[in-house]
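Thanks for coming, everyone. I have a few minutes, so let me put the model on the screen and walk through it.

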Amino acid sequence: MPDITQLNLMIVDDDEFAIELFLCALEELEIQTCETACSGQEALALVESRQSVSPLDLIICDIEMPDMDGLALLRHLAEVNFDGKVAVISGLDSDILRMARDLGKAHNLDVLGAIQKPIQKEALALLLDQVFNEPFAPKPKPFGKRSVSADAIQFGLDNDEFTLFFQPKVNVQSQCVFGAEALIRWFSSEFGGIVGPDEFIPLAEESSLINAITERVIDMSIQELKRFKAEGHRLKLSINVSMLNLSQLDFATNLAAKLKNEAIDPSDIILEITETALMRDATNVLEVLTRLKILGICLSIDDFGTGYSSMSQLQHIPFSELKIDRSFVYGAGENDSTRRILESSASLAQQLAIASVAEGVETREDWDRISALGIDLVQGYFISKPLPPEDFSTWLREWNGLTEN
Ligand SMILES: [Mg+2]
């Protein structure tokens, strides 16, 4: 059993007083030794000098530092292939800490977490407890009871337990239905009810079952889209894909073949790609995205605003739609920074001449705010919750009946 008091630890902070406080907290936890660095440069030099002798197990770094800040330090640590663990600390608000943590993960660093200054002994102890645990693996399980396994997902696939719900996207100006997002639902017999995507998608990604799941979603989407069309509805269908799907070199050609077989126009399909996942950049992914674009399939940047280097992703990938994350939409009236992100996302989409979608529109106020900002499309409970296919058909008829009058 590894001994936590033997950890090779380093704190990086330009504030000497903060370092003192940190060392006191460590001492209370009976950790006597800790490297200290008061700048990013000094930290990097220490990392390199110790690499072959006794590599550091954990670096805890402040975000705000002159010259090289914590964010730049994370990048440099990734460049030197630092394979210990990392945590960030800051007196800044929790959103910034969360973003810094996500950035570290995007660099493929083993990020334990983020803690707020002033550092409390308890928070530090919790962080250190994680050092010997598996990185990222323990995802919070809702209700703390059930644990979904790859076998259970496979069973779900074999027994057709996955199905799609559809949530409409409506044009703000015309109020016409533009399309819908297909959302996967798992009615698990083993767990006796619905298992949410958050509970099985990360595991499916780890176990590469995500390819089978996405293929199932695509097949079901195509069938439902055909049915909606047969009922006389013109719709564009949004399908969520994982970055792992896009690293499969034959993804685009397989999808194109399926669409051709079913006589679906590629421009009726929008693939939603999560921005944070995008940062695990790979040449395969770019090749596949380029091929999809050539085929005429629309690419949408999903959950916009929750990742980090949104701007740089937009430069490299030919997106035709930007989906603003719900956290910047619902209740944006009450929070200044939320509203600013919403506004700048809307104007960014306008500057890039791509469609903007606001997710999570739940109230009249949300709708009015979105409308005033010139956002093109809206999705959320104010319009409709996600619906099973038959209910979605009914909803379409009712909505179209209403908007025609
Ligand atoms: Mg989505």
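Start with Arg364 and Asp368. They form a salt bridge, with the closest N and O atoms 3.4 Å apart. Keep in mind that this is a predicted model. Both residues lie in helix H15, 4 residues apart, which is about one turn of the helix. An α-helix has 3.6 residues a turn, so residues three or four places apart point the same way. How exposed is this pair? Arg364 is partly exposed, at a relative accessible area of 46%. Asp368 is partly exposed too, at 38%.

Elsewhere, salt bridges share partners. Glu181, Glu272, Lys323, Arg326 and Glu359 are joined that way into one network. In total, a search of the whole structure finds 21 salt bridges.

Lys323 bridges to Glu272, and the closest N and O atoms are 2.5 Å apart. Buried or exposed? Lys323 is buried, with a relative accessible area of 0%. Glu272 is buried as well, at 1%. The cut-off for buried is under 20%, so both values qualify.

Next pair. Glu359 forms a salt bridge with Arg326, and here the closest N and O atoms are 3.6 Å apart. Again, distant parts of the chain are linked. Glu359 sits in the loop between strand S13 (355–358) and helix H15 (364–372), Arg326 sits in the loop between S12 and helix H14 (336–351), and the two are 33 residues apart. Glu359 is buried, at 5% relative accessible area. Arg326 counts as partly exposed, at 40%.

Now the metal. Which residues hold the magnesium ion? Its protein donors are Glu181 through OE, Asn240 through OD1, Glu272 through OE and Asp302 through OD, at 2.1 to 2.3 Å from the ion. In sequence, the donors are spaced E-x58-N-x31-E-x29-D. Look at Asn240 and Asp302. They link distant parts of the chain, with Asn240 in strand S9, residues 236–241, Asp302 in strand S11, residues 298–304, and 62 residues from one to the other. Asn240 counts as partly exposed, at 28% relative accessibility. Asp302 is buried, at 5%.

On to Phe328. Where is it? Phe328 is in the loop between S12 and H14. It is buried, with a relative accessible area of 8%. Leaving out residues up to four places away in sequence, Phe328 touches Phe304, Gly305, Thr306, Thr338, Ile341 and Leu342. Take Ile341 from that list. Phe328 and Ile341 are 13 residues apart in sequence, and their C-alpha atoms are 6.6 Å apart in space.

Now the nonpolar packing. In soluble globular proteins, nonpolar side chains tend to be buried together. In this model, the largest nonpolar core has 72 residues, and Ile153, Leu246, Leu271 and Leu292 have the most contacts inside it. Helix H8, residues 210–230, gives the most to this core, with 7 residues. What does Leu292 contact, leaving aside neighbours within four places in sequence? The answer is Leu246, Phe251, Ala252, Leu255, Leu271, Ile297 and Leu299. There is a second, separate core of 27 residues, and it includes Ala72, Leu97, Leu103 and Leu109.

That brings us to helix H4. It runs over residues 94–106. At 1.5 Å a residue, its 13 residues should span 18 Å, and the end C-alpha atoms are 18 Å apart, which agrees. Which residues of H4 are buried? They are Leu97, Ala100, Asp102, Leu103, Gly104 and Ala106. What covers them includes helix H3 (70–79), strand S4 (85–90) and strand S5 (110–116). Just after H4, Asn108 takes a positive phi of about 65°.

Last, the overall layout. The domain assignment gives domain 1 as 4–132 and domain 2 as 142–404. The C-alpha centres of domain 1 and domain 2 lie 36 Å apart.

That is my tour. Over to you for discussion.

Conventions:
Residues numbered from 1 in each chain as written. Predicted model: local features only at pLDDT ≥ 70, side-chain atom pairs only at ≥ 80, totals over all residues. Heavy atoms only, no water. Expected span 1.5 Å × (residues − 1). Buried < 20%, exposed > 50% of the residue type's maximum accessible area, 1.4 Å probe, protein only. Contact = heavy atoms within 4.5 Å. Domains from an automatic or database assignment. Donors = N, O, S within 2.8 Å, 3.2 Å for Na, K, Ca; no water. Salt bridge = Lys/Arg side-chain N within 4 Å of Asp/Glu carboxyl O. Core = buried A, V, L, I, M, F, W, Y, C linked by side-chain atoms within 4.5 Å.
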